[in-house]
Amino acid sequence: MALLETRLSGERADRAIRRLGFSGHYHQDVVGYSGGIWVLWNTDEVSVEVLFSHHQLVHTKITCVKENKEEFMTFIYASPRRQEHIHLWELLSSLFDQSMRDVTWGIAGDFNTYLYDYEKIGGNGHNWNSMREFQDCLDECHLSDIGNQGPTFTWQRRNLQERLDRVCTNDKWNMVFPNRVAFNLPFFGSDHRPVLIWEGQPTIHPRGDRPFCFLASWLTENSFHDVVNGC
């Protein structure tokens, strides 16, 4: 699990992480009063090696203990400042040039920009330069957005909605994990939606049979888990 823009560092961050109950963790401290990236995992399930850390990204190698599958994941919290944003694209391009050309690689998080004009409604028009720079970075790194299930927009403030949070992967990642999908979950006390990367399984439905559908907003109902356990 990755938590972004935590705005906590030092002992306060350590105390909060301990309360979350994960056996492994790494945190990148905030800069001033913004940022902060935490990566948390259970050591009996995965091994996580932090290869590079910066206030806008944490680059990791993740190995599944049981299946011995290996992947590289870069967790992103992009600064809203344009010069910092440009530096992030440069960092990702540098990672690709150094070691990510022939491995299973994905990037995920809050990019603080959208990729296409239809991923924003409301506000004062589109930031075409920011979109183009984001698109150029993904092209240069041979990454593409895997799409999402659920609501399109992952951030909202009053009448403005944008898709700022996403998962992008390379071709090898898509071949190794062909059934993974990204779900945009309901808002939980934040103006960003959590994004869940889920290892789904292919399902063949008999002709005329309707596929199973799940309304994600049920997760906000306090009694939901009790109902599922009771069934």
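Predicted model: local features only at pLDDT ≥ 70, side-chain atom pairs only at ≥ 80, totals over all residues.
**Helix H2**

Select residues 82-100, which make up helix H2. With 19 residues at 1.5 Å a residue, H2 should span 27 Å, and its end C-alpha atoms are 25 Å apart, which agrees. Now colour the buried residues of H2: His85, Leu88, Trp89, Leu91, Leu92, Ser93, Leu95, Phe96 and Met100.

**Aromatic rings**

The structure holds four aromatic pairs. In one of them, tryptophan 89 and phenylalanine 134 are stacked, with 5.0 Å from centre to centre and 5 degrees between the planes. This pair links distant parts of the chain, since tryptophan 89 belongs to helix H2 and phenylalanine 134 to helix H3 (residues 128-140), 45 residues apart. Are the two partners buried or exposed? Tryptophan 89 has a relative accessible area of 7% and is buried; phenylalanine 134, at 0%, is buried too.

For another stacked pair, select tyrosine 116 and tyrosine 118. Their ring centres are 5.4 Å apart and their planes are at 10 degrees, so this pair is stacked. Tyrosine 116 is partly exposed at 34% relative accessibility, while tyrosine 118 is exposed at 55%.

**Two positive phi angles**

Select asparagine 112, in the loop between strand E7 (105-110) and strand E8 (120-121). In general, most residues other than glycine have a negative phi. Asparagine 112 is not a glycine, yet its phi is positive, about 50 degrees. Histidine 142 is another such case, with a positive phi of about 60 degrees. Look for histidine 142 in the loop between H3 and strand E9 (144-145). At 24% relative accessibility asparagine 112 counts as partly exposed, whereas histidine 142 is exposed at 53%.

Move to the loop between H2 and E7 and select threonine 104. With a relative accessible area of 6%, threonine 104 is buried. Apart from neighbours within four places in sequence, which residues is threonine 104 in contact with? They are Glu70, Glu71, Phe72, Asn170, Lys172, Trp173, Val176 and Phe177. From phenylalanine 177, look for arginine 180: its charged end sits over the ring of phenylalanine 177, 3.7 Å from the ring centre.

**Salt bridges**

The structure holds 15 salt bridges. Select glutamate 119 and arginine 166, whose closest N and O atoms are 2.5 Å apart in a salt bridge. Glutamate 119 lies in the loop between E7 and E8 and arginine 166 in strand E12 (residues 165-169), so the pair ties together parts that are 47 residues apart in sequence. Glutamate 119 is buried at 2% relative accessibility, and arginine 166 is buried at 1%.

Aspartate 145 is in strand E9, 21 residues from arginine 166, and is partly exposed at 23%.

Terms used. Residues numbered from 1 in each chain as written. Heavy atoms only, no water. Phe/Tyr/Trp six-rings, centres within 6.5 Å; stacked < 30°, edge-to-face > 60°. Helix = DSSP H or I, 4+ residues; strand = E, 2+ residues; numbered from the N terminus. Buried < 20%, exposed > 50% of the residue type's maximum accessible area, 1.4 Å probe, protein only. Lys NZ or Arg CZ within 6 Å of the ring centre and 35° of its normal. Expected span 1.5 Å × (residues − 1). Contact = heavy atoms within 4.5 Å. Salt bridge = Lys/Arg side-chain N within 4 Å of Asp/Glu carboxyl O.
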